[in-house]
Amino acid sequence: MVSSCLVKSKLSLNEYSEIYQGFNAPIHVLDCGKKCAPHNDFGIPFCCDTNHAVPTAYKTEWAYLSKHTNLWHLWRSDSVEDQNCLEKQTPDHQVLIACLGHQDCQRDFRSITCRAFPFFPYVTSTGKFIGLSYYWEYEERCWAISHLEQVTDEYRAQFIITYEGIFERNQQELENFHFHAQMMRKIFSKKGRAIPLLHRNGRAYKITPHNERLRRADAASFSKFGPYAIADWLPFPDEA
């Protein structure tokens, strides 16, 4: 599944270096990839495994990466059907990319989608960017989603500043995430679930999807999923 909702970029080739430098903080103090990899049959962090998530890049971002690193190549599936399906979902100004693998990661050249995953900018129905929520289809796989309380303040701040700059350059991109948040509200409303939010003010909230009411919450109280929910019940969860 394409892990980005980015739309046409007005960024120049040379601006990606500045963006990458400003959005370089790890999500957690620990390496969350080591937490999720044991639950993947391939032993690879889910976010680094194109069997689960295929990153995208702006075409200008791809040109920048191609010029400065050998980390990335264009993604190709062994299945023609899967290739065609994902290409149809990918906007014309983006390309599907894949890296050399998590063991050969060059952190300074991670794409914007890699840095943001599993989060996306949450935009209210009135068009306000108020914080971070996550791509809910990865709840059962992504360790970070089950441990929102461990997201660092530095990462949250860099995420917000980065996307504020992108939205200032491209209003259409804000509208795209506005649509994605709208879809999340519809889905969570049908399921009777509150939407977890890491607010830009540094606090955590639960959003009531049908009326967008914000309720203060302890990030540690947010739901855990899949194997991480099971581990949470164990007396020594780090052994799971």
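Q: Which word describes how α6 and α7 lie to each other: parallel, antiparallel, perpendicular or oblique?
A: In this predicted model, local features need pLDDT of at least 70 and side-chain atom pairs count only at pLDDT 80 or more, whereas totals for chains, interfaces and linings use all residues. Residues are numbered from 1 along each chain as its sequence is written, and side-chain values use heavy atoms, with hydrogens and water left out. Helix α6 (residues 153–169) packs against helix α7 (residues 171–191) at about 120°, with the axes 5 Å apart. Angles under 35 degrees count as roughly parallel, over 145 as roughly antiparallel, 65 to 115 as roughly perpendicular and the rest as oblique, so α6 and α7 are oblique.

Q: How many charged residues does the contact of α6 with α7 have?
A: From α6, Tyr163, Ile166, Phe167 and Arg169 meet Gln171, Glu173, Leu174 and Phe177 of α7, where contact means heavy atoms within 4.5 Å. Asp, Glu, Lys and Arg count as charged, Ala, Val, Leu, Ile, Met, Phe, Trp, Tyr, Cys and Pro as nonpolar, and the others, Gly among them, as polar. By these classes the contact has five nonpolar residues, one polar residue and, as charged residues, two.

Q: Is cysteine 48 buried, partly exposed or exposed?
A: Buried means under 20% relative accessible area, exposed over 50% and partly exposed in between (1.4 Å probe, protein chains only). Cysteine 47, at 38%, counts as partly exposed. With a relative accessible area of 33%, cysteine 48 is partly exposed.

Q: Which are the edge strands of the open sheet?
A: Three strands form the sheet in the order β1-β3-β2, with antiparallel pairing; two strands pair if DSSP finds at least two bridges between them. Pairing on one side only, the edge strands are β1 (56–58) and β2 (72–74).

Q: What is the bridge partner of histidine 73 in β3?
A: β2 and strand β3 (residues 94–99) pair in the antiparallel sense over three bridges. The partner of histidine 73 in β3 is alanine 98.

Q: What distance separates the C-alpha atoms of leucine 86 and leucine 96?
A: Leucine 86 is in helix α4 (residues 80–89) and is buried, at 9% relative accessible area. Leucine 86 and leucine 96 are 10 residues apart along the chain, and their C-alpha atoms are separated by 8.3 Å.

How values were computed: Axes are lines fitted to C-alpha atoms, for helices over the stretch in contact, and angles run from 0 to 180 degrees between N-to-C directions. Helices (H or I, at least four residues) and strands (E, at least two) are DSSP runs, numbered from the N terminus.
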